[in-house]
Amino acid sequence: MSAITFTINKKLPKGALGRAGTLVTPHGTILTPAFATVGTKGSVKSLTPEQVAGLGAQVVLANTYHLYLQPGEDSLRKAGGLGKFMNWSGPTMTDSGGFQAFSLGAAFGKKMNKLAEVKQSHTVDERDEMTKLAKITDNGVEFKSVLDGSTHFFTPERSMEIQNAIGADILFAFDECTSPIAPHEYQKEAMDRTHKWAARSLARHKELQVGAITPQALFGIVQGGRFEDLRKESAKIIGVMDFDGFGVGGSFDKKDMHTAVGWVNKILPEGKPRHLLGIGDPQDIFEAVEEGCDLFDCVAPTRIARHGTLYSPHGVVHITGAKYRNDFSPVVDGCQCYTCKNFTKSYLGYLFRAREFLAYTLASIHNLYFIVNLLKNIRGSIIEGTFSKYKEDFFTSYKS
RNA sequence: GCGCCGGUCGAAUAGCGGCUAUUUCAGGAGACUGUAAAUCUCCCGCCCAUUGGGCAUCGUCGGUUCGAGUCCGACCCGGCGCA
């Protein structure tokens, strides 16, 4: 008995993988494709839950590692779960902490992201190994707290227990997110480990669900990096396990991420939802929806917003640019977000220069609205059968 | 008029004989994809250039020295004190 139900309402024509669906969770319904706003620490940075709901967001994704360190699982459990704690009444999800094996491990202290263009193998500087905050073994991941340096050990079982305490509607299996520059040999090793962890996550999750008052759903995560053989193998193995849905995780080659997503989604069972972890660039979203992804999450909209970069249909706007100093038009003409309906580019640029907190709030509202609304429009276009045209028009206008 | 102190890239600063003149802010351009992120990077005298190179510059003009923002002299500004 699953905690969620997923119904496909309409598919893209000609056997394409994309579809519009309805995902019902214990805390509400998500119309897919959809963008999950990221609230890592139980807060969508700079926004109130009312603002998040007001811009049309359907679901919030938080992070197990961060919430475990602070405020801690006991607090979350006593609060009645993440939703009550943060006053978000809608659906919630939690990432397992697996991503931190990458962000605090291989990527720590480096200029690296999960979409690095892959050219040649890099040598690992051993001094870097000493400073990492995450170390991976077959049993789990040893983390050092980013708050106080204390050491903690996550196993798949522990991640499930903590996520159970946090109480989100949809949980993710504990996985290892690898570096995009890791060689095939290591990707294979990490993938095999992730598969074992998936089975352990699932087993512990099922135990924890026995007699649960509010049921939770668990998504398994496909890994395999940028390699076709590994991606397909991972999709086969994870896809037959008894998960409620799936996450597609890890690193991609920026140029053909959608190809890799396609390999995976052709293999995953059609009837279950698929979440593309950590992807949120507008163009990437179009591609991934076309290749069969239903859910997305990404820190980019809120992060770049706080750093002064705003989305527009023509590409990105650096709002502090000198050319906007006396531009008293909205960021996007006709945009229905609270920010565009009420404020000018000139004012926003000024708020950033003056380091006023309102800058971060207004910019985040605009960017989240842009992405959430984009997914809403994509969904509409799938249902109306105009997806291809909508995508083409968007790409023509949008310059990355 | 005399004496003392001080004049460094938009601002504020460091430098007190040794070669690329420091840092902060302001200004300009970027980056950011399951958040160590209200963060980070680069530029910020002029002229060419593909890496790079050439020429300036520390109030002004002289001087000492192999070498001067740094030492000396005169002058010009500003502040304080005494007449």
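Two strands are taken to pair if DSSP finds at least two bridges between them. In this predicted model, strand 15 (residues 309-312) and strand 16 (residues 315-318) meet that condition, being joined by four bridges. The two strands run antiparallel and form a hairpin with two residues between them.

Three strands take part, in the order 7-8-9, and their pairing is antiparallel. Strand 7 (134-136) and strand 9 (151-154) stand at the edges; each has a single partner strand, so one side of each is left without a neighbour in the sheet. On average, and with direction ignored, neighbouring strands of this sheet are turned by 20° against each other. Strand 8 (residues 141-144) pairs with strand 9 over four bridges, in the antiparallel sense. In this pair, F143 stands opposite H152 of strand 9. Helix 5 (residues 98-106) packs on the sheet, where it touches strand 7 and strand 8. The direction of helix 5 makes about 115° with that of strand 7.

Helix 5 also takes part in the surface near RNA strand B, to which it gives the most, with six residues. Other elements that each supply at least two residues of this surface are strand 5 (60-63), helix 12 (300-306) and helix 15 (357-384). There are 50 residues around RNA strand B, and of these S103, N113, C177, G278 and V299 come nearest. Divided by class, the surface near RNA strand B has 20 nonpolar, 18 polar and 12 charged residues.

Helix 15, one of the elements that supply this surface, also packs with another helix. Two packed helices are described by the angle between their axes and the distance between the axes. For helix 11 (residues 282-290) and helix 15, the angle is about 30° and the axes are 11 Å apart. Angles under 35 degrees count as roughly parallel, and helix 11 and helix 15 are therefore roughly parallel to each other. Helix 11 passes helix 15 in a right-handed crossing. On the side of helix 11, the contact is made by P282, I285, F286 and V289; on the side of helix 15, by L374, L375 and I378. The residues of this contact comprise seven nonpolar, no polar and no charged.

Conventions:
Residues numbered from 1 in each chain as written. Chains lettered and ligands numbered in written order. Predicted model: local features only at pLDDT ≥ 70, side-chain atom pairs only at ≥ 80, totals over all residues. Axes fitted to C-alpha atoms, helices over the stretch in contact; angles between N-to-C directions. Contact = placed C-beta atoms within 7 Å. Near = placed C-beta within 6 Å. Nonpolar A, V, L, I, M, F, W, Y, C, P; charged D, E, K, R; others polar. Parallel < 35°, antiparallel > 145°, perpendicular 65-115°, else oblique. Left-handed = near helix turned anticlockwise from the far one by under 90°.
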